[in-house]
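Open the model in your viewer and keep the selection panel at hand. The stops below go from the whole chain to single side chains.

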Amino acid sequence: ELEAEVGDCRMELAAEISLLEPFGQDNKRPSFLVKDGIVTDVRYMGDEGQHVRFTLKGEHGEYLSCVLFRRAGEFADVLRPGRRISVTGTLETQVWQGRKRLQFMAENIID
């Protein structure tokens with residue numbers, strides 16, 4: 001895992017990571033530990049609220065959109081606005097309705 005701050009996670013970094021594709025068993029996508037972000041927004045998704053989308057605010061006012069699949073219930077007590085957390089996962093770009101956006105695919109949350 002590479003350590004990063006919220007402000008390090010930018011579209012330019014995601015573009016550089018994409019140069020390492022294709023990812024698979026022998027070429028894993030780089031994993032990051034994004035440290036000390038402040039939770040600013042939390043939205044549960046899925047029929048049973050099993051997924052969660054949240055935003056982290058960085059030290060200098062930067063924002064990072066994050067999503068955690070299938071494990072929202074495990075972190076319901078931690079994912080509260082104003083809470084400072086660290087997150088592990090991968091940085092990716094997503095195209096939605098023709099717009100490209102940055103998204104951090106969270107794998108674990110560290111309180």
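This is a predicted model: local features need pLDDT of at least 70, side-chain atom pairs count only at pLDDT 80 or more; totals for chains, interfaces and linings use all residues.

Residues are numbered from 1 along each chain as its sequence is written, and side-chain values use heavy atoms, with hydrogens and water left out.

**Whole chain**

Switch to cartoon. The protein chain has one helix and six strands; helices (H or I, at least four residues) and strands (E, at least two) are DSSP runs, numbered from the N terminus. Their order from the N terminus is β-α-β-β-β-β-β. The radius of gyration, taken over C-alpha atoms, is 14 Å, close to the 13 Å that the globule rule gives for 111 residues, so the protein chain is as compact as a globular protein of that length. That rule is 2.2 Å times the number of residues to the power 0.38. Along the principal axes, the C-alpha atoms fill a box of roughly 35 × 35 × 30 Å.

Of the 111 residues, 36% count as buried. Buried means under 20% relative accessible area, exposed over 50%, and partly exposed in between (1.4 Å probe, protein chains only).

**The core**

Next, select F54, I85, L91 and F104. Within the largest nonpolar core, which has 25 residues, these four touch the most other members. Such a core is a set of buried Ala, Val, Leu, Ile, Met, Phe, Trp, Tyr and Cys residues joined through side-chain atoms within 4.5 Å. At least two core residues come from each of α1 (11-18), β2 (32-45), β3 (51-57), β4 (63-68), β5 (84-96) and β6 (99-110). β6 gives the largest share, four residues.

Stay on F54 and display what surrounds its side chain. Which residues is F54 in contact with, leaving aside its neighbours within four places in sequence? They are D41, V42, L64, S65, C66, L68, L79, I85, V87, A106 and I109, where contact means heavy atoms within 4.5 Å.

**Salt bridges**

Now colour the charged side chains. Side chains of opposite charge can pair when their charged atoms come close. The structure holds eight salt bridges, each a side-chain nitrogen of Lys or Arg within 4 Å of a carboxyl oxygen of Asp or Glu.

- Select D111 and R83: their closest N and O atoms are 2.8 Å apart in a salt bridge. D111 lies in the segment after β6 and R83 in the loop between β4 and β5, so this pair ties together parts that are 28 residues apart in sequence. D111 is exposed at 57%, whereas R83 is partly exposed at 30%.
- Select D41, listed above among the contacts of F54. D41 also meets R43 in a salt bridge (3.2 Å, N to O).
- Select R10 and E12, which form another salt bridge (3.3 Å, N to O).
- Select E21, R29 and E92, which are linked in a network of salt bridges.

**Last stop: E5**

Centre on E5, in the loop between β1 (2-4) and α1. Its relative accessible area is 41%, which makes E5 partly exposed. Beyond neighbours within four places in sequence, E5 is in contact with V34 and K35.
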